[in-house]
Amino acid sequence: MPGKAVARFDETIHGVVRLRVCGMLARLGATDFAVIRDALGVSDPTLSKHLKQLEQAGYIRVQKGLALGGRTKTWAELTDAGRVAFEGHVAFLREVTGD
Amino acid sequence: MESIYEAGPVDRDDARSQLELLAADRAVSSSRAAAPWWLIALHGLSVAGFVFSFGLGRWEAAGFAISALVFVGLGMIRPWITRTRAEPWSTSTRAVRPGVLQFVSAVAIIAVGALLFKQLDAEWVLWPTAILACGTTVWFGLQMERALALDVAEGV
């Protein structure tokens with residue numbers, strides 16, 4: 001619950017793209033790579049780079065699966081640690097703004 | 001209080017602009033989360049198919065099985081269509097009420113319709129039952145999608 005999160009600055013989530021990725025995944029659960037890319041208006045390599053950083057921090061899981069037509073689909077999902085870190089970071093931002 | 005944060009890793013303007021970005025993304029996310037209307041309509045038609053199965057005689061069981069499989073299958077392909085795993089039952093607390101009402105009303109309509117069909121042995125009974133059950137499923141299904149979109153829009 002965002003209201004109960006402990007406010008904590010998180011260096012990994014602090015980047016705008018990574019913050020927005022975490023926001024989308026927190027709201028939607030596992031989400032298709034293309035949906036995140038289109039919503040954020042970033043290129044494939046840019047999003048891949050940020051997803052890798054979040055994955056290395058243990059904040060997201062990236063899964064690949066087959067889609068219609070034999071193409072590969074990539075899905076990203078927030079982990080429990082990622083959700084805690086994201087909600088803590090948002091709580092931190094709210095404290096800073098005084099909201 | 002202010003000086004602590006001004007000296008920290010994020011100043012007030014940065015923090016505000018990041019929160020505004022998240023707020024703008026919520027609107028995009030809420031439109032992504034809801035299933036398209038035609039998926040809800042197909043759910044309604046699968047319920048109508050279940051009702052008409054009562055009139056299939058010896059093929060009744062096959063009709064029930066096929067319409068139930070279609071209903072469940074439509075739920076399973078939802079992530080392929082919306083391309084997210086957000087769905088009313090697990091993602092939205094607001095969607096629970098219309099979800100329960102959908103289930104209870106559809107079961108009640110089908111039960112009464114099936115009983116009347118068996119008692120009167122009149123096939124026409126299945127038509128109003130199917131229309132009512134389908135309409136109820138679609139109506140509450142759309143309410144559930146609206147509730148989901150609202151919960152996503154008001155999330156973190």
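How are helix 2 of chain B and helix 8 of chain B oriented to each other, roughly parallel or roughly antiparallel? The legends below cover this pair and several others. In this predicted model, local features need a pLDDT of at least 70 and side-chain atom pairs count only at pLDDT 80 or more, while totals for chains, interfaces and linings use all residues. Residues are numbered from 1 along each chain as its sequence is written, and chains are lettered from A and ligands numbered from 1 in the order in which they are written.

**View 1. Helix 2 and helix 8 of chain B cross at roughly 155 degrees.**
Helices (H or I, at least four residues) and strands (E, at least two) are DSSP runs, numbered from the N terminus. Helix 2 of chain B covers residues 12–33 and helix 8 of chain B residues 126–153, and their axes come within 8 Å. Axes are lines fitted to C-alpha atoms, for helices over the stretch in contact, and angles run from 0 to 180 degrees between N-to-C directions. Helix 2 of chain B and helix 8 of chain B are therefore roughly antiparallel (under 35 degrees counts as roughly parallel, over 145 as roughly antiparallel, 65 to 115 as roughly perpendicular and the rest as oblique). Their crossing is right-handed; a crossing is left-handed if the near helix is turned anticlockwise from the far one by less than a right angle, and right-handed if clockwise. Arg26(B), Ala27(B), Ser29(B), Ser30(B) and Ala33(B) of helix 2 meet Leu148(B), Ala149(B), Val152(B) and Ala153(B) of helix 8. Two residues are in contact if their C-beta atoms, placed from the backbone, lie within 7 Å. The residues of this contact comprise 6 nonpolar, 2 polar and 1 charged (Ala, Val, Leu, Ile, Met, Phe, Trp, Tyr, Cys and Pro count as nonpolar, Asp, Glu, Lys and Arg as charged, and the others, Gly among them, as polar).

**View 2. Helix 3 and helix 4 of chain B cross at roughly 165 degrees.**
The axes of helix 3 (residues 37–52) and helix 4 (residues 60–76) of chain B come within 8 Å. The angle makes helix 3 of chain B roughly antiparallel to helix 4 of chain B, and the crossing is left-handed. Among the residues that meet are His43(B) and Phe50(B) in helix 3 and Phe64(B) and Phe71(B) in helix 4. By class, the contact has 10 nonpolar, 5 polar and no charged residues.

**View 3. Helix 2 and helix 3 of chain A are oblique to each other.**
Their axes come within 11 Å and cross at roughly 125 degrees, in a right-handed crossing. Val17(A), Arg20(A), Val21(A) and Met24(A) of helix 2 make the contact with Ile36(A), Ala39(A) and Leu40(A) of helix 3. This contact has 6 nonpolar residues, no polar ones and 1 charged.

**View 4. Chain A touches chain B through 24 of its residues.**
These residues are in contact with 25 residues of chain B. On chain A, helix 2 (16–28), strand 1 (31–32), helix 3 (33–40) and helix 5 (80–97) each supply at least two residues. Helix 2 of chain A gives the most, with 8 residues. The side of chain A that touches chain B has 14 nonpolar, 5 polar and 5 charged residues. The predictor gives the complex an ipTM of 0.86 and a pTM of 0.84.

**View 5. Residues 1–7 of chain B have a pLDDT below 50.**
The pLDDT is the predictor's confidence in each residue, from 0 to 100. Beyond near neighbours in sequence, this stretch has 4 contacts in the model. Where pLDDT is low, the predicted coordinates should not be read in detail. Chain B as a whole averages a pLDDT of 91, and 94% of the residues score at least 70.
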